[in-house]
Amino acid sequence: MIRGLCEWFSVHGRDLPWRRRRTGYRALVAEAMLQQTQVSRVLPRFKAFVKRFPTVRALAAADEQDVLAMWQGLGYYRRAQHLHSAARMIVEQFGGRIPPTVKRLRQLPGVGRYSAAAIASIIYGKPEPMVDGNVRRVLARWEARAGATSDDWAWERAAVLVRSASAPGTFNEALMELGALICTPKTPQCQQCPVARHCKAYQRNAQHRIPPPKKAPRQKLVHHHAVVIVRGGKVLLERRSSNGMWSRMWQAPTIEADKPLRPEDVKAALPVRVYQLMKRAHFEHQTTHRRITFHVYTAKSRARRGVWRRPEDIADLPISNAQRRVLALAPSAPHHAEAGSAAGALS
Ligand code: SF4
């Protein structure tokens, strides 16, 4: 079974940039980017990132703002900060070499059990199991596990298998690839599956019932009141705190609340005095745990303090996609016309 799966992978595995040239550094970057993000979104960002920071030393020496700027569009910016810290630790404590063992890899910020096993097995050939959602589903179907599978069960099962593989990294990647391409959650392609004859779920025609559907996580509802404040062709920016979502990224001044606020309350909570405050649009932004309603305002101000930038000069700053949408309402912003029509549609 293991050999058949690996042979299938050698023919059908996707040609991905981090597979073309394998180094510990490129694997570390790829693993950080692929957490909670689809491969199609990662592809262009990965290429640009490793072009800008081609080595772990280049990344370690970079300014955090540049690293965050290169992460734009991927979301979950905490990963970029962890990756940056990991690069510094690798240079300072591991002589610039990505550690080869799971134990050492897990000392790096942001590197969990799965990413550590991926690097140790794929780059260094260690027989370490790795389990993500895809692998867990494939294993549950192979064994026809009707109920929910525990973490321990899946990791133990994967460990037994990877230790029997002559090429542990190839086996791990093949197992993940099978889950991503063939043994998909809703429509498994059992007719094309290289391990169908070993699969108990398929033999029992139970593949669509395994694993049982999960309950969606409860999302917290929050309201962000973002105000594009203009003075003489410039907009006021603020930097988020080091804690929580979008930490240390730039944004239009934003008042967060658990309910919609009245315009006068938004105005009173802003860091500078404003006039002509106007509600312009609202839109929804979802993260895994939050549903955020953005209430977008524009206003004018005569204040001097704070960080003021011309809209055309903010492209290189680390700013979340949601806040880019907000800031597109600034006059003469590069996407102003587009945002204006979006505002009309969303208001
Ligand atoms: S036979 Fe079907 S259910 Fe079983 S591993 Fe293959 S694709 Fe998945």
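Mentor: In α10, the buried residues are V135, R136, R137, V138, L139, A140, R141 and W142. Buried is a matter of counting: a residue has 20 or more other C-beta atoms within 10 Å of its own, whereas 12 or fewer make it exposed and anything in between partly exposed, with the C-beta atoms placed from the backbone. Because eight of the ten residues of α10 are buried, the helix is largely enclosed by the rest of the structure.

Two remarks on the numbering and the model come before the details. Residue numbers start from 1 in each chain and follow the sequence as written. The model is predicted: local features need pLDDT of at least 70 and side-chain atom pairs count only at pLDDT 80 or more, while totals for chains, interfaces and linings use all residues.

The helix covers residues 133-142. The names of helices and strands come from DSSP runs, numbered from the N terminus: a helix is a run of H or I with at least four residues, and a strand is a run of E with at least two. By that scheme the protein chain has 16 helices and seven strands. Of its 347 residues, 37% are buried. The C-alpha trace spans about 70 × 50 × 30 Å along its principal axes.

Next, the partners of α10. Its buried residues pack against α11 (151-163), α12 and α13. The pairing with helix α12 (residues 168-181) can be described in detail: the two axes come within 8 Å and cross at roughly 85°. Here an axis is a line fitted to C-alpha atoms, for helices over the stretch in contact, and the angle, from 0 to 180 degrees, is taken between N-to-C directions. On the α10 side the contact is made by N134, V135, R137 and V138, and on the α12 side by L175, M176, L178, G179 and A180. Two residues are in contact if their C-beta atoms, placed from the backbone, lie within 7 Å. By class, this contact has six nonpolar, two polar and one charged residues. Nonpolar means Ala, Val, Leu, Ile, Met, Phe, Trp, Tyr, Cys and Pro; charged means Asp, Glu, Lys and Arg; the others, Gly among them, are polar.

The helix also takes part in the surroundings of the ligand. The shell around the ligand holds 15 residues, and the closest are C183, C190, C193, C199 and Y202. The largest share, three residues, comes from α10. By class, the shell has twelve nonpolar, two polar and one charged residues.

Now the end of the helix. After α10 comes A144, whose phi is positive. The value is about 50°, although A144 is not a glycine. A144 lies in the loop between α10 and α11. It counts as partly exposed, with 16 C-beta neighbours inside 10 Å. Another residue with a positive phi that is not a glycine is R248, where the value is near 60°. R248 sits in the loop between β2 (234-239) and β3 (250-251), and is likewise partly exposed, with 16 other C-beta atoms within 10 Å.

Finally, the wider setting. The domain assignment, which is automatic or taken from a database, gives domain 1 (23-122), domain 2 (130-210) and domain 3 (220-346). The centres of domain 2 and domain 3, taken over C-alpha atoms, are 45 Å apart. The peptide bond from I210 to P211 is cis, with omega near -10°. P211 belongs to the loop between α13 and β1 (220-231). In the chain, 65% of the contacts with a separation of 6 or more are between residues 24 or more positions apart.

Notes:
A residue is near a molecule or strand if its C-beta atom, placed from the backbone, lies within 6 Å of it.
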